[in-house]
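Below are some notes for a colleague who is opening this entry for the first time. Please read them with the structure in view.

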Amino acid sequence: MNEYVTGATIKRLRESKGMTQAQLADKIFVTAKAVSKWETGHGLPDISLLEPIGKALGISIIELLNGQHIQNKNRAFNMQKLCFYVCPVCANIIQTTGEATISCCGITLPPLQVEDENEGHEICLEKVEDEYYVSSKHPMTKEHYLSFFAAVYDDGVQLVKLYPESDAQARFKVSGAKWIYAYCNRHGLFRVSTRK
């Protein structure tokens, strides 16, 4: 990882919990002086202390390293808050139904910002009986390609992984489909409504 927890992050999170330096120190078995050194920028916590610090402050190690606490207020399944994350190193695709801190290959991933389809990123929908045949004329070279198509339904997501030098096509059930998404490895996430 290219990030490490800062003293300012520890101080902000500690104060938000209403904890003194001594109280935090007691929870993680260090001295209050050590916590003070971290918070004033005169030292960093040992890596072995990251998990205990995270537990004491009520956040994950990823959030601690990232410097932000993610609180998912979405306590129920809500497809309107759908987020996709794609790892630029291994091309892993992660989908969530709310805000999350996602890490892959040592990188904290940002949620992809979705755009409506545009020139060069058209998503073609053809209804064939009870399925949508989805395709695109997008280039499928090793350098520039669509990585996946996804159909978003009222109650879930169906994802089809695409590969360079193959056809950009997939089939999805029509019933309940609201949106079709496509991810370009260079230009990001695009979508089209099935009601167009």
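1. Please keep in mind that the model is predicted.

2. On the geometry of that pair: helix 2 covers residues 21-28 and helix 4 covers residues 50-57, and the two pack with their axes 9 Å apart at an angle of about 125°. An angle from 65 to 115 degrees would count as roughly perpendicular and one over 145 as roughly antiparallel. Helix 2 and helix 4 are therefore oblique to each other. Their crossing is right-handed.

3. Next, strand 12, which spans residues 188-193. Is this strand mostly covered or mostly open? Of its 6 residues, 5 are buried, so the strand is mostly covered, given that buried means under 20% relative accessible area. Strand 5, residues 114-116, runs parallel to strand 12 and is joined to it by 3 bridges. One of the residues to look at here is Asp116, whose bridge partner in strand 12 is Arg191.

4. Strand 12 also pairs with strand 11 (residues 177-184), in the antiparallel sense and over 6 bridges. The two strands are joined by a hairpin, through 3 residues. Within the pairing, Ile180 stands opposite Val192 of strand 12, and Trp179 has Ser193 of strand 12 as its bridge partner. In general, strands of a sheet pair through backbone hydrogen bonds, and the pairing is either parallel or antiparallel.

5. Strand 11 is itself mostly covered, with 6 of its 8 residues buried. Which strand pairs with strand 11 over 7 bridges? The partner is strand 8, residues 146-153, and the pairing is antiparallel. In this pairing Ala150 stands opposite Tyr181 of strand 11.

6. A separate point concerns an open sheet of 3 strands, in the order 6-7-10, with antiparallel pairing. Strand 6 (124-128) and strand 10 (169-173) are the edge strands, each pairing on one side only. From one strand to the next, the twist averages 25°.

7. Lys127 has Tyr132 in strand 7 as its bridge partner.

8. Where does His121 lie? His121 is in the loop between strand 5 and strand 6. His121 counts as buried because its relative accessibility is 9%, and the cut-off for buried is under 20%. Leaving aside neighbours within four places in sequence, the residues in contact with His121 are His138, Cys184, His187 and Phe190.

Notes
Residues numbered from 1 in each chain as written. Predicted model: local features only at pLDDT ≥ 70, side-chain atom pairs only at ≥ 80, totals over all residues. Heavy atoms only, no water. Axes fitted to C-alpha atoms, helices over the stretch in contact; angles between N-to-C directions. Helix = DSSP H or I, 4+ residues; strand = E, 2+ residues; numbered from the N terminus. Parallel < 35°, antiparallel > 145°, perpendicular 65-115°, else oblique. Left-handed = near helix turned anticlockwise from the far one by under 90°. Buried < 20%, exposed > 50% of the residue type's maximum accessible area, 1.4 Å probe, protein only. Pairing = 2+ DSSP bridges. Contact = heavy atoms within 4.5 Å.
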